[in-house]
Structure formats: structure tokens, C-alpha cells
Amino acid sequence: MDKVILETPEDTMAFGRALGATLRAGDLVLLAGPLGAGKTTLTRGIADGMRVGGRVSSPTFVLARVHAAGPSGVPLIHVDAYRLGGDLSQLDDLDLDTDLESSAVVVEWGEGSADRLNEDHLVVRLSRHDDDTRTATLEPHGTWTARPLPASPSRML
């Protein structure tokens with residue numbers, strides 16, 4: 001597992017941009033971490049890296065937002081599974097397994113639920129420290145284990 005130190009919100013955005021630039025149709029990224037850890041900031045960076053359309057904000061009340069494809073031709077689906085509280089039927093209702101064929105899907109709070117959508121996925125576990133820095137721990141699964149992961153804008157551990 002790679003660990004990346006993210007000293008500022010700008011580092012989180014830059015790391016997200018680097019990750020987003022590598023995403024392709026069928027990719028599933030699960031973001032884990034407590035409230036305020038930087039999951040939505042990281043997703044904004046991913047969207048910038050993919051150059052998709054639309055403003056990225058937490059989809060807490062709508063569960064999912066679709067961002068139109070940019071030059072790569074791959075749309076981004078941003079899901080917030082926080083409100084599901086383990087109710088996997090609502091996740092099934094979103095039909096994400098179908099969307100995964102043509103989109104990159106980022107799921108906040110998806111560990112333990114959305115990971116069943118595809119055995120090939122990347123978990124990015126964000127930790128927030130007392131000095132307001134963050135650590136991103138990258139946990140690749142399936143084919144992600146053979147893929148190069150993006151480098152940190154600041155430093156790797």
C-alpha cells in the first residue's frame with residue numbers, strides 16, 4: 001500500500017488531478033475516511049484531472065451526480081453512499097454496475113457496499129491529522145494492483 005502525505009487542500013486537489021488523469025471507463029474508486037477528511041476535495045481534483053463538466057459538490061442529498069465527459073470521452077459518476085447507512089438496495093437502484101461500463105465511478109463512503117460492484121477497484125483511505133494534514137493510503141484491488149498509481153504532489157511515505 002502506498003501512502004501519500006497531503007499537506008494542504010491544494011495538495012489534495014493536485015493528487016486528485018493526477019489520479020483523475022489516469023481514470024478510464026470501468027474504473028471504480030472508493031473514498032474512505034471520516035467527515036472532513038477531504039473526500040469531496042479529492043473528488044474535485046479527480047474531476048479536474050478527467051476534465052469533466054459541471055461543478056463538483058457533495059451529492060449527499062441526491063446520492064449521485066453525473067459529470068459529462070471531457071476530452072477523454074469518459075464521464076464521471078460521483079456517489080455519496082453516506083446516507084445509505086448500509087441499505088444496499090438504494091445503491092442497486094442507482095444501477096452503477098451498468099454505468100461502470102462506460103464511466104469512471106467515485107464513491108464516497110463506499111467501502112463495504114460499493115466495492116461489490118467490481119472486484120477491480122481502488123480504495124483511497126483519507127486520514128486527517130491534528131496539524132490539518134492528511135494521509136491518503138492507496139489500497140489497490142484486482143487489476144489495480146498492476147497499475148501505476150499517481151505520485152504525490154508533496155511526498156510519499
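1. A residue counts as exposed when its relative accessible area is over 50%. With that in mind, here are a few notes on this predicted model. R51 reaches 56% relative accessibility, so R51 is exposed. Its place is the loop that runs between helix 2 (39-50) and strand 3 (64-67). Do have a look at the backbone there: R51 is not a glycine, yet its phi is positive, at about 60 degrees.

2. D132 also deserves a glance. This residue, again not a glycine, has a positive phi of about 70 degrees. D132 sits in the loop between strand 6 (121-128) and strand 7 (134-141), and with a relative accessible area of 38% it is partly exposed.

3. R128 is partly exposed, at 45% relative accessibility. A network of salt bridges links R128, D132 and R134.

4. How many salt bridges does the whole structure hold? A search finds 5. One of them joins the side chains of D48 and R17, at 3.5 Å from N to O. Because D48 lies in helix 2 and R17 in helix 1 (residues 9-20), this pair ties together parts that are 31 residues apart in sequence. D48 is partly exposed at 39%, and R17 is partly exposed at 35%.

5. Another salt bridge pairs E139 with R125, at 2.9 Å from N to O. E139 belongs to strand 7 and R125 to strand 6, 14 residues apart.

Conventions. Residues numbered from 1 in each chain as written. Predicted model: local features only at pLDDT ≥ 70, side-chain atom pairs only at ≥ 80, totals over all residues. Heavy atoms only, no water. Helix = DSSP H or I, 4+ residues; strand = E, 2+ residues; numbered from the N terminus. Buried < 20%, exposed > 50% of the residue type's maximum accessible area, 1.4 Å probe, protein only. Salt bridge = Lys/Arg side-chain N within 4 Å of Asp/Glu carboxyl O.
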